[in-house]
Amino acid sequence: MSSNALSERIETWRLQGREEEFRGHNIHTRFQDGEGPLLILLHGFPTSSYDWRETIRLMPGRRLLVFDFLGFGLSDKPRDHNYTLSWQADLTEELADRYADGGPVYVCAHDLGTSVATELLARDLVGELGFELGGMAIFNGAILVEKSNPTLAQKLLRGPFGPLAARFANEAFFRRQFASIFSEAHPVADSDVADNWALMCFNDGNRLGHKLVSYMEERAIYADRWHGAVQRWQGDLRLAWGMEDPVVVPEVLDGLLELRPDLPTVRFEDLGHYPQVEDPERFVAVLEQFMSDSETSL
């Protein structure tokens with residue numbers, strides 16, 4: 001799909017960002033200068049940093065960075081790449097180093113991004129993280145993948161006919177799947193569905209779904225490393241959760257709190273899988289409080 005098929009909303013979003021190079025690939029980023037430690041927002045599957053547009057609007061004075069993981073949104077989508085979470089964590093480290101100016105970084109992660117975040121925790125535990133991790137908030141990510149309830153699309157993409165499922169996916173199917181993970185009280189807007197489908201299709205990224213979804217297998221393979229990081233990392237770690245999420249169900253949150261019962265937690269009782277999209281004002285209020293508490297504890 002060529003760039004001229006993107007909506008005016010996405011073109012505006014694109015122009016507000018820039019392309020960064022990492023290991024020979026272009027990564028779409030958006031940096032906002034401001035106060036406080038650098039806030040990095042990590043998006044989920046199958047969407048992109050476009051999920052954070054309202055968060056950015058509501059935090060005009062906050063220093064922050066968002067970017068599209070390789071294979072997502074407006075970043076490059078190489079067909080022969082092995083899309084590992086470790087690679088995405090390397091990317092996150094590099095961009096943090098470029099934009100943090102040696103200061104602490106606060107990470108807020110959603111969905112797929114939560115596993116990138118737990119890899120950062122694991123690296124920090126052994127002194128191998130390339131930046132100072134000042135605090136972290138994670139929400140609605142299937143870190144305990146065995147407790148989650150994957151969508152039909154995820155099941156098809158993970159199955160033996162995953163490449164075919166990716167090739168023949170269409171907007172109508174995406175629309176049904178995407179709408180189903182929002183809460184009844186806060187349904188997704190038609191324009192959001194159209195924009196996210198266009199971003200998935202940009203540079204034929206919709207045909208990579210079977211490769212991008214491999215992160216779910218990694219969650220099982222590296223469970224001991226990432227679950228252990230949640231348990232043992234001694235920094236400021238907090239949870240927020242949309243309790244109406246039909247995919248990353250409340251049982252996942254319960255499991256995380258079994259791993260570490262002392263984690264401060266906020267429950268959005270009437271929100272689904274995308275709290276930052278469904279009720280951005282409430283989400284930002286919680287994130288600001290998390291960051292304020294984290295800075296106070298430093």
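Rings of Phe, Tyr and Trp (its six-membered ring) pair if their centres lie within 6.5 Å; planes under 30 degrees apart count as stacked, over 60 as edge-to-face and the rest as tilted. By that rule, ring pairs tie Phe 174, Phe 178, Phe 182, Trp 197 and Tyr 274 into a cluster. This is a predicted model, where local features need pLDDT of at least 70 and side-chain atom pairs count only at pLDDT 80 or more, while totals for chains, interfaces and linings use all residues. Residues are numbered from 1 along each chain as its sequence is written, and side-chain values use heavy atoms, with hydrogens and water left out.

**The sheet**

- Helices (H or I, at least four residues) and strands (E, at least two) are DSSP runs, numbered from the N terminus.
- Two strands pair if DSSP finds at least two bridges between them.
- Eight strands form an open sheet in the order S1-S2-S4-S3-S5-S6-S7-S8, and the pairing is mixed.
- Strand S1 (18-22) and strand S8 (265-268) are the edge strands, each pairing on one side only.
- From one strand to the next, the twist averages 25 degrees.
- Axes behind such angles are lines fitted to C-alpha atoms, for helices over the stretch in contact, and angles run from 0 to 180 degrees between N-to-C directions.

**The S1 end of the sheet**

- S1 and S2 run antiparallel and are joined by five bridges.
- Glu 19 stands opposite His 28 in S2.
- The hairpin of S1 and S2 has two residues between the strands, and Arg 23 takes a positive phi near 50 degrees there.
- Strand S2 (residues 25-32) also runs antiparallel to strand S4 (residues 62-67), with four bridges between them.
- Arg 30 has Val 66 as its bridge partner in S4.

**The S8 end of the sheet**

- S7 and S8 pair in the parallel sense over four bridges.
- Ala 240 has Val 266 as its bridge partner in S8.
- The chain goes from S7 through H12 to S8, and this β-α-β crossover is right-handed.
- Right-handed means that, with the strands pointing away from the viewer, the path from the first strand over the helix to the second runs clockwise.
- Helix H12 (residues 250-259) lies across strand S7 (237-242) and S8, and runs at about 160 degrees to S7.

**Aromatic pairs**

- A pair of aromatic rings is described by the distance of the centres and the angle of the planes.
- The structure holds 15 aromatic pairs.
- Phe 45 and Tyr 215 form a tilted pair, because their ring centres are 5.5 Å apart and their planes stand at 50 degrees.
- This pair links distant parts of the chain, 170 residues apart: Phe 45 is in the loop between strand S3 (35-42) and helix H2 (53-57), and Tyr 215 is in helix H10 (residues 215-221).
- Buried means under 20% relative accessible area, exposed over 50%, and partly exposed in between (1.4 Å probe, protein chains only).
- Phe 45 has 9% relative accessibility, so Phe 45 counts as buried.
- Tyr 215 has 2% relative accessibility, so Tyr 215 is buried too.
- Phe 178 and Tyr 274 form an edge-to-face pair, because their ring centres are 5.4 Å apart and their planes stand at 70 degrees.
- This pair also links distant parts of the chain, 96 residues apart: Phe 178 is in helix H7 (residues 171-179), and Tyr 274 is in the loop between S8 and helix H13 (275-278).
- Both Phe 178 and Tyr 274 are buried.

**Buried residues and their contacts**

- Contact means heavy atoms within 4.5 Å.
- Helix H11 (residues 223-232) has Ala 223, Trp 226, His 227, Gly 228, Ala 229 and Val 230 buried.
- The buried residues of H11 pack against helix H3 (85-99), helix H4 (112-125), H10, S7 and H12.
- Leu 70 lies in the loop between S4 and H3.
- Leu 70 counts as buried because its relative accessibility is 0%.
- Leaving aside neighbours within four places in sequence, Leu 70 is in contact with residues including His 25, Ile 27, Trp 87 and Leu 212.
- Glu 278 lies in helix H13.
- Glu 278 is buried, with a relative accessible area of 10%.
- Leaving aside neighbours within four places in sequence, Glu 278 is in contact with residues including Phe 182, His 186 and Leu 271.
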